[in-house]
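Visitor: I'd like to know where the labels on a model like this come from. Could you walk me through a few of them?

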Amino acid sequence: MAKYSNPFRALRNKNYFLFWLPQSISLIGTWIDTTLRGWVAVNLFSENRAAGFIGLIAFLKGLPTVVLSPACGVIIDWFGPKNVLLFTQIADALNATLMAYLVHRGVLNAVQLLVLSVAMGISQAFYLPSRNTFIGSIVSKELLSNALALHAMIFNFARMIGPSIAGFVVEYRGMGFGFIVNALTFVPLIVTLLFIKVEKPAVRKTERKFFADLKMGVQYVMSSKVLLITFLSSTVYAVFGMPYSMLMQAFAKSAVKTGLVGYGLIMGSMGLGALVGATFAGSLEAETVLKFREEYLIFAIGLSTLVSFVYPPAAYVMSFFNGAAQTIFFNTANTRTQYLSPQHMRGRTMSLYALINNGGSPVGTFLFGLLGNAIGIRNTYGVLAFAMIAYFMARRTVRSLQLDLESLSQVR
């Protein structure tokens, strides 16, 4: 039977609270930025080319993760997650400032947008594993699942209100002002990280053998059946599930027939669902989260995508269920990966986890963005839905066969 606890219990940890509060502000700015960059991309090209360009931006943002993630884990284990996380926040703040300047001057073009996307992708390659490892370094193992759920809660609260704020900012103050807001939201977190003290595991310089340490991390993941299955499900989620939101600008404009405000409402619905999902996940004890059957969550994501494909205006409602399922899935996979990773290797296992999420999502978005150009973005959502449902059915079939074989062996 599931055990329930206070969903905000990790906030009693002083360091985590000091991180969680300014991170909330930063994430709102990030979602304002994400919304505006996507909308800039949509309007740089004609409707039949917009989805492909959005996919290209996502691909270029994710490419550094594919190349750098394994190395990021070694660097995090060497220099500590806080230092690496601080570097990513400064880099993203500078990126947002440059974006604000180019948009304000009215000189932003497609090439500049792509270059800035690559730069953001480089910092993001370090951000996700350093952030997750940092959270694991400032809270006890008993609070880890709840701390991750609380982070998912603020992430999705930001996703709920960020796009809506972006829509109204553009309406009343202009596109450039929205990017300025994002740049300013990094400041509280950067200042706070300077004052949070984290004990870094001692590692002698003579022990720093980059390729040997990298190989050790990969071997550890390959030796764990549970981690391999978790990473497989995460790959399916990243490649087929994440494009639902990543391509939503094009889907909203082409299939739903709405503008930036309508897109903001759809993403707000998704953020609200994710907030509910994060609250639910945060109320569960870690041992319950670890037992979740993640393929059912992928089925829920696929089903909500299918309904949106059949009747596009349903996206306003289906996004709520999609967001809830995605957040619970993320919390399950993230918690499981950290729990099964020893502290001295957590940076490397989390970097491989980030490789799947930050790398798989852009690859999927790029490919399905191109497919959207060829067969239409609405039909592409149908392909995404059937792929996730097929994975769920395959996992169910394999599990059923395993149970049959176990029963047969017991009879013998």
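Guide: Let's start with two helices: H11 passes H14 in a right-handed crossing. Keep in mind that this is a predicted model.

Visitor: At what angle do helix H11 and helix H14 pack, and how far apart are their axes?

Guide: The angle is about 40° and the axes lie 6 Å apart, for H11 (residues 260-282) against H14 (residues 315-339). By class, their contact has 15 nonpolar and 10 polar residues, with no charged ones.

Visitor: What makes Ser245 count as buried or exposed?

Guide: Its relative accessibility. Buried means under 20%, and Ser245 comes in at 7%, so it counts as buried. Ser245 is found in helix H9 (residues 243-246). Leaving out residues up to four places away in sequence, Ser245 touches Met267 and Met270.

Visitor: And the aromatic pairs, how many does the structure hold?

Guide: The structure holds 9 aromatic pairs. One of them is Phe240 with Phe368, at 5.7 Å centre to centre and 55° between the planes.

Visitor: Why is the pair of Phe240 and Phe368 called tilted?

Guide: Ring centres have to lie within 6.5 Å to pair, and planes under 30 degrees apart would be stacked, over 60 edge-to-face, the rest tilted. With 5.7 Å and 55°, Phe240 and Phe368 form a pair, and that pair is tilted. The pair links distant parts of the chain: Phe240 sits in helix H8 (residues 225-241) and Phe368 in helix H15 (residues 346-375), 128 residues apart.

Visitor: How do you know whether Phe240 and Phe368 are buried or partly exposed?

Guide: Use the cut-offs again: buried is under 20%, exposed is over 50%, and partly exposed is in between. Phe240 has 25% relative accessibility, so it counts as partly exposed. Phe368 has 11%, so it counts as buried.

Visitor: Why is the pair of Phe320 and Phe321 edge-to-face?

Guide: The ring centres of Phe320 and Phe321 are 5.4 Å apart and the planes stand at 90°, so the pair is edge-to-face. Phe320, at 25% relative accessibility, counts as partly exposed. Phe321 is partly exposed too, with a relative accessible area of 46%.

Visitor: Which residues do ring pairs link into a cluster?

Guide: Tyr244, Phe251 and Tyr381.

Visitor: What about the protein chain as a whole, how many helices and strands does it have?

Guide: It comes to 16 helices and 0 strands. Of its 412 residues, 56% count as buried.

Terms used
Residues are numbered from 1 along each chain as its sequence is written. This is a predicted model: local features need pLDDT of at least 70, side-chain atom pairs count only at pLDDT 80 or more; totals for chains, interfaces and linings use all residues. Side-chain values use heavy atoms; hydrogens and water are left out. Helices (H or I, at least four residues) and strands (E, at least two) are DSSP runs, numbered from the N terminus. Buried means under 20% relative accessible area, exposed over 50%, partly exposed in between (1.4 Å probe, protein chains only). Contact means heavy atoms within 4.5 Å. Rings of Phe, Tyr and Trp (its six-membered ring) pair if their centres lie within 6.5 Å; planes under 30 degrees apart count as stacked, over 60 as edge-to-face and the rest as tilted. Axes are lines fitted to C-alpha atoms, for helices over the stretch in contact, and angles run from 0 to 180 degrees between N-to-C directions. A crossing is left-handed if the near helix is turned anticlockwise from the far one by less than a right angle, and right-handed if clockwise. Ala, Val, Leu, Ile, Met, Phe, Trp, Tyr, Cys and Pro count as nonpolar, Asp, Glu, Lys and Arg as charged, and the others, Gly among them, as polar.
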